[in-house]
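User: I would like to go through this model and ask what stands behind each label. Please set the values against the cut-offs.

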Amino acid sequence: MPFTAPAIKSFQPPRRTLMGPGPSDVPQRILDAMARPTIGHLDPAFTDMMEEIKQLLRYAFQTGNKLTFPVSGPGSVGMETCFVNLVEPGDKVIVCVNGVFGGRMVENVKRTGGIPVLVEDAWGEPVSLNKVADAFAANPDAKVLAFVHAETSTGARSDAKALAELARKHGALTIMDCVTSLGGIPVLIDAWGIDAAYSGSQKCLSCTPGLAPVTFSERAIAKVQARKTPVQSWFMDLNLVLGYWSGEGRRTYHHTAPINPLYGLHEALVMLAEEGIENAWARHRAMHERLKAGLAKLGLRFVVAEAARLPQLNSLAIPAGIDDAAARGRLLTEFNLEIGAGLGALAGQIWRIGLMGYSAKQANVDYCLKALEAVLA
Ligand code: PLP
């Protein structure tokens with residue numbers, strides 16, 4: 001008996017304004033780039049574009065690292081790529097946990113056979129440098145320090161430069177999550193001395209989700225090359241992926257690259273270069289200030305202290321008496337506006353308003369404030 005063909009028509013998504021924790025609004029220019037003809041992933045025209053992506057990503061990460069490229073997969077695959085390559089069974093890893101994504105790092109360390117040493121801070125607080133220094137003092141054999149630069153679940157920014165300094169002082173490598181920070185606030189891989197970092201295409205780069213820019217220092221590469229055990233993941237093993245992405249010698253097939261999404265990332269990075277990264281950071285800051293002024297008028301309170309607040313991820317306490325799900329539901333159905341709910345320990349307590357990439361613009365801020373005012377009335 002053949003299965004009957006379902007009478008389903010083409011999907012037409014509604015037009016939304018995306019002001020949650022990601023994905024952010026994708027500009028038409030990037031969507032148009034993705035609609036260009038698919039060519040082969042070993043076509044010389046395509047591989048030339050791959051080299052441009054690497055160059056543009058080095059600019060976004062502010063690094064000269066040769067090993068800088070987008071992993072095929074979401075930010076989580078970027079995360080796993082760093083951990084599976086840099087952590088061997090038995091390696092001690094100091095992991096800073098001040099929100100959901102630090103917690104995921106712990107899971108990654110466990111699954112690689114590493115030994116996580118937790119440095120915990122309250123959700124909404126930045127990572128405590130003193131606690132990390134204490135953890136190194138108690139664990140001088142720690143091989144890696146892992147932390148989230150911009151904790152999307154809370155909106156807190158940690159001091160990446162100081163954390164990287166601590167790691168170097170103790171001879172450890174750093175793994176930094178900059179999924180929410182890249183393109184929105186300074187991410188200075190070389191100036192800070194970060195060894196491995198991963199990001200996502202769908203936040204401040206305003207591309208579609210599904211690609212994870214990563215960068216590795218020479219020290220990190222040396223660690224991968226000196227491994228005593230093979231990388232547990234075939235797909236993410238840098239030694240193999242590089243046969244395709246390195247550009248040195250003949251490119252060999254590793255996996256079929258997501259061709260059209262890579263056109264999109266290329267366009268997003270060209271747009272970042274055209275704007276100038278310092279201007280992009282300034283724009284995110286300015287839009288945050290505009291939002292902050294409007295929220296104050298509505299009597300909404302930030303969860304994170306000013307010094308650690310991320311401009312691109314604004315966490316607000318849900319006012320007493322307001323039904324979280326009902327209010328967000330109204331924003332979506334009446335205003336086509338998406339804002340984020342609280343995650344984990346902060347579920348039901350906060351809203352997260354994203355000002356990321358193309359969403360960080362005056363029209364969005366003003367629209368969001370107008371919609372919030374209506375829903376809170
Ligand atoms: N790390 C952080 C800080 C994030 O915000 C996210 C996603 O929101 C991730 C990792 C995982 O990225 P993805 O959802 O693209 O897998």
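Analyst: What follows is a set of questions and answers on this predicted model.

User: How do you know how confident the predictor is in the protein and in the complex?

Analyst: The mean pLDDT of the protein is 96. 100% of its residues reach 70 or more. For the complex, the predictor gives an ipTM of 0.99 and a pTM of 0.97.

User: What makes Lys203 a residue to look at, and where does Lys203 sit?

Analyst: An unreviewed UniProt entry annotates Lys203 as "modified residue: N6-(pyridoxal phosphate)lysine". Such annotations may be inferred rather than shown by experiment. In the model, Lys203 sits in the loop between β9 (196-198) and β10 (211-216).

User: Is Lys203 buried or exposed, and why?

Analyst: Buried needs 20 or more other C-beta atoms within 10 Å. Lys203 has 29, so Lys203 counts as buried. Leaving out residues up to four places away in sequence, Lys203 touches Gly22, Ser24, Val179, Thr180, Met356 and Gly357.

User: What surrounds the ligand?

Analyst: The ligand is surrounded by 14 residues. Pro74, Gly75, Ser76, Thr152 and Val179 are the closest. Helix α3 (residues 75-86) gives the largest share of this shell, three residues. By class, the shell has seven nonpolar, six polar and one charged residues.

User: UniProt lists Arg352 for "binding site". Why is Arg352 called buried?

Analyst: The listing comes from an unreviewed entry. Arg352 is in strand β13 (residues 350-354). Its count is 23 C-beta neighbours inside 10 Å. The cut-off for buried is 20 or more. Arg352 therefore counts as buried. Apart from neighbours within four places in sequence, its contacts are Gly20, Pro21, Gly155, Leu313, Asn314, Ser315, Ile339 and Gly340.

User: Leu313 belongs to that contact list. How do you know that β11 and β13 pair?

Analyst: A pair needs at least two bridges. β11 and β13 have five, in the antiparallel sense, and so they pair. Leu313 stands opposite Gly354 in β13.

User: Why is β11 described as largely enclosed by the rest of the structure?

Analyst: Strand β11 spans residues 313-317. Four of its five residues are buried, so the strand is largely enclosed.

User: What makes strand β2 mostly covered, and what does β2 pair with?

Analyst: Strand β2 covers residues 67-72. Six of its six residues are buried. β2 pairs with β10 in the antiparallel sense over six bridges. The cut-off is at least two bridges, so this is a pair. Phe69 stands opposite Val214 in β10.

User: Why does Pro70 count as buried?

Analyst: Pro70 lies in strand β2. With 28 C-beta neighbours inside 10 Å, against a cut-off of 20, Pro70 counts as buried. Its contacts, not counting residues up to four places away, are Ile53, Leu57, Leu211, Ala212, Pro213, Leu262 and Leu265. Pro70 and Met50 are 20 residues apart along the chain, and their C-alpha atoms are separated by 9.3 Å.

User: Where in the backbone is there a cis peptide bond, and what is its omega?

Analyst: The cis bond joins Gly22 and Pro23, with omega at about 5°. Pro23 lies in the loop between β1 (17-19) and α1 (28-34). Most peptide bonds are trans.

Definitions and conventions. Residues numbered from 1 in each chain as written. Predicted model: local features only at pLDDT ≥ 70, side-chain atom pairs only at ≥ 80, totals over all residues. Buried ≥ 20, exposed ≤ 12 C-beta atoms within 10 Å, placed from the backbone. Contact = placed C-beta atoms within 7 Å. Near = placed C-beta within 6 Å. Nonpolar A, V, L, I, M, F, W, Y, C, P; charged D, E, K, R; others polar. pLDDT = per-residue confidence, 0-100.
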